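The sequence and structure are shown first.

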Amino acid sequence: MHQGRLRLRPWLEEQIDSGRHPGVVWLDQKIIFKIPWKHAARHGWNIEKDATLFRNWAIHTGRYKPGADKPDPKTWKANFRCALNSLTDVHELQDKSIKKGHNAFRVYTLLPHSKTVKRHKGICT
């Protein structure tokens, strides 16, 4: 059991390793990973299949309490995206991501801590 809350990167690595989230997988030796990014308005979208990673991050951060709060997958996803985009040692491989369609997903790479990318504070992309 962890003491306190994990930061996003170690939490995310743990979630990918767990295999609990459909489609959230390593693509290359625990460096490159894929996250399904299906739009909630898409036919066939299911909160239990398509939002588990985002929901679990909201629970982990204390922003969602099952049973007490109304489920809000749109906010969970936005908060997760903002948190992920703020990391300097995680970079989206936009040429490998497919952001539209039935099987939309995003591909990211974990950078060594010494090769972090500077990010601008403020606007979440």
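## Sheet and helices

In this predicted model, tryptophan 26 is found opposite phenylalanine 33 of strand 2. Strand 1 and strand 2, the latter covering residues 32–36, pair in the antiparallel sense over three bridges.

Helix 4 (residues 73–86) is packed on the sheet and touches strand 2, strand 3 and strand 4. The direction of helix 4 makes about 30 degrees with that of strand 4. Helix 1 (residues 8–18) lies across strand 1, strand 2 and strand 4 (105–110). Helix 1 runs at about 95 degrees to strand 1.

| Helix | Strands touched or crossed | Angle |
|---|---|---|
| Helix 4 (residues 73–86) | strand 2, strand 3 and strand 4 | about 30 degrees with strand 4 |

The sheet itself is open and has four strands in the order 1-2-4-3, with antiparallel pairing. Strand 1 (25–28) and strand 3 (90–92) are the edge strands, each pairing on one side only. From one strand to the next, the twist averages 35 degrees.

Glutamine 15 is located in helix 1. Is glutamine 15 buried or exposed? Glutamine 15 counts as buried because its relative accessibility is 5%, and the cut-off for buried is under 20%. Apart from neighbours within four places in sequence, glutamine 15 is in contact with Arg20, His21, Leu53 and Asn56.

Key
Residues are numbered from 1 along each chain as its sequence is written. This is a predicted model: local features need pLDDT of at least 70, side-chain atom pairs count only at pLDDT 80 or more; totals for chains, interfaces and linings use all residues. Side-chain values use heavy atoms; hydrogens and water are left out. Two strands pair if DSSP finds at least two bridges between them. Helices (H or I, at least four residues) and strands (E, at least two) are DSSP runs, numbered from the N terminus. Axes are lines fitted to C-alpha atoms, for helices over the stretch in contact, and angles run from 0 to 180 degrees between N-to-C directions. Contact means heavy atoms within 4.5 Å. Buried means under 20% relative accessible area, exposed over 50%, partly exposed in between (1.4 Å probe, protein chains only).
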